[in-house]
Amino acid sequence: EQAQTENGNLQKENNNLKTEIEKLNAQKLIEAEKLTALQNSPQSVYPPADKVCYLTFDDGPSDNTLKILDILDSFNAKATFFVIGSSGKLDYVKQIHERGHVVGLHSDSHKYNVIYSSTDAYFADLEAISNKVEQIIGIKSKIMRFPGGGSNGVSKKYCVGIMSRLTNQVKAKGYAYFDWNVSSGDADGNNVPATQIVNNVLNQSVNKNSICVLMHDSAAKGTTVEALPAMLDGLAKMGFRFEGLTESTYGYCHAVNN
Ligand code: ZN
């Protein structure tokens, strides 16, 4: 009986060790991918030292895109649009590009349960939007943003650890991915008052040297458009100039949560 108990305990210990080894191997894989990412990525590891503002618009193009472009023109401002295939308005990508802004990749389907089900599924989706954008503007965009950002925890529901791998793998494949350090809060609900969006952005931009501002370009975000003139005016008065992201721009990357 004693031998049986001892055997049971040893088996338990053996299983624990096996789990531990699996964990260490997974960690080793992530470390190896991180190293490849660092070696391949042209992205700066330091934020710019001067007052630059990167305005970013996710989830478009939309019926608001042309209004946004006109406002940006009136401030002589350049911005970055992280576009999605499912917006159904990819035709506007041509204008975004021709008017001097940066077209970034966000997602083709923007369906979390699909894109975050596996790394293969993620890259199939990224490739799809990449090809669509390339067909329109004639160049491959290497600038991207993860749906939900690199720090999203939603992906945990579909694949544990996927963001730890994807954040390195995209860099290893030559992409530059971007999160943000100022959130407009325009996704906190529909029709967030324009004044609140302006205040959110200006308040978070105080005492920051360079900023990457998260906004959304979708039909439901009319107040984002309304907020833009006062926001850009306020930011310009704080000394910011407005530029599009490049492959070597610092990523404003959040800590990964999955
Ligand atoms: Zn999005």
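Author: Let us begin with the metal: along the chain, the donors of the zinc ion follow the spacing D-x46-H-x3-H, where donors are N, O and S atoms within 2.8 Å of the metal (3.2 Å for Na, K and Ca), and water is not among the atoms, so sites may look incomplete. This is a predicted model, in which local features need pLDDT of at least 70 and side-chain atom pairs count only at pLDDT 80 or more, while totals for chains, interfaces and linings use all residues. Residues are numbered from 1 along each chain as its sequence is written, and side-chain values use heavy atoms, with hydrogens and water left out.

Reader: Okay, which residues coordinate the zinc ion?

Author: The zinc ion is held by Asp59 through OD, and by His106 and His110 through NE2, at 2.1 to 2.2 Å. Asp59 lies in strand E1 and His106 in strand E3 (residues 102–107), 47 residues apart, so that the pair links distant parts of the chain; strands (E, at least two residues) and helices (H or I, at least four) are DSSP runs, numbered from the N terminus.

Reader: And are Asp59 and His106 buried or exposed?

Author: Both Asp59 and His106 are buried, where buried means under 20% relative accessible area, exposed over 50%, and partly exposed in between (1.4 Å probe, protein chains only).

Reader: Switching topic, what is Val45 doing, and why does it count as exposed?

Author: Val45 sits in the loop between helix H1 (2–40) and strand E1 (52–60), and it counts as exposed because its relative accessibility is 57%.

Reader: Now the inside: which residues touch the most other members of the largest nonpolar core?

Author: That core has 50 residues, and Leu55, Leu72, Tyr122 and Leu235 touch the most other members; a nonpolar core is a set of buried Ala, Val, Leu, Ile, Met, Phe, Trp, Tyr and Cys residues joined through side-chain atoms within 4.5 Å. A second, separate core of ten residues includes Val52, Tyr54, Cys212 and Tyr252.

Reader: What about helix H6, which of its residues are buried?

Author: In helix H6 (residues 162–172), the buried residues are Ile162, Met163, Leu166, Thr167, Asn168, Gln169 and Val170. Just after H6, Gly174 takes a positive phi of about 90 degrees.

Reader: Last one, how many helices and strands does the chain have?

Author: The chain has eight helices and eight strands, and 45% of its 258 residues count as buried.
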